[in-house]
Amino acid sequence: MVSEVGLPAIVKACVSCRSTRHRPTGKIRVNANHKLLDVWLLICCELCGRTSKVPVHERVNVRALDHERLVKFHDNDPAVVRQLTMDATLAQRAGYQLDWTGTWRLDTDMPFYDLQRGDAAPHEVIVRFELPAPVRVEKLLTAGFGLSRPAVRGLVDSGRIRLPLPVYAKAREDFTFVVVTASPEHA
Ligand SMILES: [Zn+2]
C-alpha cells in the first residue's frame, strides 16, 4: 500500500519571491456572473505566503456543473481541495508541475512475501495507491521485499516476479503482480 503522508506541492513561480513551491490554502473561490461561473483553487507560496489562483472552471454555465459539486466548491470541501491539488490534468492545463516528494510511504506486511517459501502456486501481490503519486516500480519492489536493486532486477529477469508494467516505469495506481516461488531445485 502506498499511503498518503501529504499533498504534493504545486510548483510554479511566485510573482513576489524566488520560491516556486505552493500549497493549497484549503479554500475554493467561486465567482458568479449571471449564469456564468468561475471556480478557482486558492494556493499560497510556501515562502512568502502570497496567494494565487488556479483556474478550475472558467466562465462555465452554472447548469453545466453538478449541483452537489458546486455546493462542495462553496463549502471549501477538504476532499475536493485534496482532489484538485492532486489533479495532474488540472496541473497540465494550468501549466505547473506537482512535486510528490515526501507525499507517500510504503506500508507492507514486511516483507510482501517470503520469496524462499516453497509453495507451489504463484502468488499474487496487490499494490494499492491511496494517492496518485508516481512511484518507480523498482522502488516499490526493493522496499517491499527488502532487496537490493540488482536482486530485484534478477528476479524480474528470471520471471520469478511477473509485472504488468516495466520495472523502471512509474506506477501511480493500483496494480497486481505475480511472484513465482522458488522451484524445488533452487530451494
Ligand atoms: Zn512567494
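Trainee: Is Cys17 buried, partly exposed or exposed?
Mentor: Cys17 is partly exposed in this predicted model. Its relative accessible area is 22%, and the cut-off for buried is under 20%.

Trainee: And Cys45, buried or exposed?
Mentor: Cys45 is buried, because its relative accessible area is 1%.

Trainee: Which protein donors does the zinc ion have?
Mentor: The SG atoms of Cys14, Cys17, Cys45 and Cys48, lying 2.3 Å from the zinc ion.

Trainee: What spacing do the donors follow along the chain?
Mentor: The spacing is C-x2-C-x27-C-x2-C. Cys17 sits in the loop between strand E2 (9–11) and strand E3 (21–33), while Cys45 belongs to strand E4 (residues 36–45), so this pair ties together parts 28 residues apart in sequence.

Trainee: Why is the arrangement around the zinc ion called tetrahedral?
Mentor: Because the four donor atoms subtend angles of 103 to 114°. For four tetrahedral donors the ideal angle is 109.5 degrees.

Trainee: Switching to the sheet with E8. What is the strand order?
Mentor: The order is E8-E12-E10, an open sheet of three strands with antiparallel pairing. Strand E8 (123–127) and strand E10 (161–162) are at the edges with a single partner strand each, so one side of each has no neighbour in the sheet.

Trainee: How many bridges join E10 to E12?
Mentor: Two bridges, with E12 covering residues 175–179. Arg162 has Val178 in E12 as its bridge partner.

Trainee: Which helix packs on that sheet?
Mentor: Helix H4 (residues 137–145), which touches E8, E10 and E12. The direction of H4 makes about 55° with that of E12.

Technical notes: Residues are numbered from 1 along each chain as its sequence is written. This is a predicted model: local features need pLDDT of at least 70, side-chain atom pairs count only at pLDDT 80 or more; totals for chains, interfaces and linings use all residues. Side-chain values use heavy atoms; hydrogens and water are left out. Donors are N, O and S atoms within 2.8 Å of the metal (3.2 Å for Na, K and Ca); water is not among the atoms, so sites may look incomplete. Four donors count as tetrahedral if all angles lie between 85 and 135 degrees; four count as square planar and six as octahedral if opposite donors are over 155 degrees apart and all others between 65 and 115; anything else is irregular. Helices (H or I, at least four residues) and strands (E, at least two) are DSSP runs, numbered from the N terminus. Buried means under 20% relative accessible area, exposed over 50%, partly exposed in between (1.4 Å probe, protein chains only). Two strands pair if DSSP finds at least two bridges between them. Contact means heavy atoms within 4.5 Å. Axes are lines fitted to C-alpha atoms, for helices over the stretch in contact, and angles run from 0 to 180 degrees between N-to-C directions.
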